[in-house]
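Subject: Structure for your review

Dear colleague,

Please find below the structure that I am handing over to you. My notes on it follow directly after.

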Amino acid sequence: MSAELRPAFDTSQPLFEPRLFPADFGSRSVKIERLARRLAATAVERDRRGGSAQHERQLLRDSGLLTLAIPQQFGGQDVPWPEIYRIVRHLAAVDSSLAHLFAFQHLQVATILLFGSADQQRHWLGRTVHERWFWGNATNGRDNGLTLSRREEHYELNGHKSFCSGALGADALVVSVPRGNAPQDRVMLVLPSQREGLAINDDWDGFGQRQTDSGTVQFDSVFVDSSEILGPSGISPRTTLRACLSQLILTQLYLGNAQGALDAALRYTREQSRAWPGSGVDTASADPFIQQRYGELWLRYRSALPLAEAAAQRLQAAWEKPALTAAERADVALAISEAKVVSARAALDITAQIFDTMGARATSSSYGFDRFWRNVRVHTLHDPLDYKVRDLGHWLLSGQGPTPSLYG
């Protein structure tokens, strides 16, 4: 790696949140920390380059962490969602794109658990464990350019999907196809990525989250066996937890970027910043204005973190209920809305305002400090925060929880 692209700081070791993982994580903690260090070593260079990080995806595959959400009966690790979300947040602090891919692996596993029959769960999740599969998706709910047609003894898939995170280089895809007029009414199916007629394009060009492989997928008369259509069909409060899982992933990515930005800025201020000539102090760390600004940014982060943790616990409780009610599901969605809005606002503020603490030299592209803001800015546009705030206001005034949607 060239000197000008070398990360200035070891951001894989956070300055705060030291008890990220419980004591019983054991060897899993070692794997997580080793993975974080390896991703951090090249994160700035790879962000600058963009494209697909297939080598780093292999690191995720080799880490043994892609089966966390798979139940033990299928050979997985059956780790609760709050712990998975903490890992996502930890990885996002060093490499938000790879954390995104890591998180979406577990979202696809959850999709099979929510929508698949017992036989389908056993088949697809068993293969995921034994063949070390990496999953991608083609489930963008607003993209209705995909049709599933019945043929004599099979189905045929035609059209396209956009924002297909993780599809490039994946072993299999979760695909959604509109079935009726309601946005939530979709057919969910799974396909091996090498299926004839399926083309995964390397055309993602967002200015943030640059290595999430979130381009387009084309389907040209793609064969679909009836066993690849996930069942049972229909919508229930439990199946709509998929949107809650997804929204809380975004929340962790916001907070991870905020943590990474604060870590990087604090290290820079301590180790490289120079005191301002009129400050009357010897070091930048002793400047009361810089201290105040860091205090404000810290409060933003600390205000958001407990909401995210509480929402994850609510989600886990709902996940464990065999018969989830609509009211219980609404409570989960409201908790996630609170966490998402506060975390997004905090992350946007933190990732932008760290430069006020570091000064002009910190804008050098060699540090890559801007990547934190770019990542958060792209992801906070996933779906409008205003609608989450409106849902909270509507609930306060009417007592009615939000209606399940593709985005919460």
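**Salt bridges and domain contact**

Glu131 counts as partly exposed because its relative accessibility is 41%; buried means under 20% relative accessible area, exposed over 50%, and partly exposed in between (1.4 Å probe, protein chains only). Its partner in a salt bridge is Arg127, with the closest N and O atoms 2.9 Å apart; the term salt bridge denotes a side-chain nitrogen of Lys or Arg within 4 Å of a carboxyl oxygen of Asp or Glu. Arg127 is likewise partly exposed, at 27% relative accessible area.

Please note that this is a predicted model, in which local features need pLDDT of at least 70, side-chain atom pairs count only at pLDDT 80 or more, and totals for chains, interfaces and linings use all residues. Residues are numbered from 1 along each chain as its sequence is written, and side-chain values use heavy atoms, with hydrogens and water left out.

The structure holds 21 salt bridges. In one of them, Asp171 meets Arg61 at 2.7 Å, N to O. Asp171 lies in the loop between strand 3 (155–161) and strand 4 (172–178), and Arg61 in helix 2 (residues 54–62), so this pair ties together parts that are 110 residues apart in sequence. Helices (H or I, at least four residues) and strands (E, at least two) are DSSP runs, numbered from the N terminus. Asp171 is partly exposed at 24% relative accessibility, whereas Arg61 is buried at 16%.

The domain assignment, automatic or from a database, gives domain 1 (26–133), domain 2 (136–228) and domain 3 (237–398). The contact between domain 1 and domain 3 takes 26 residues from domain 1 and 33 residues from domain 3, contact meaning heavy atoms within 4.5 Å. About 2,600 Å² is buried between these two domains, and carbon and sulfur atoms give 61% of that area. Buried area here is the accessible area (1.4 Å probe) that two parts lose on being put together, summed over both. Tyr85, Arg89 and Leu114 supply 29% of the area that domain 1 buries against domain 3, more than any other three residues.

Between domain 1 and domain 3 there are 3 salt bridges. Glu309 forms a salt bridge with Arg86 at 2.6 Å and another with Arg89 at 3.2 Å, N to O. Arg89 is buried, with a relative accessible area of 1%, while Glu309 is partly exposed at 22%.

Yours sincerely
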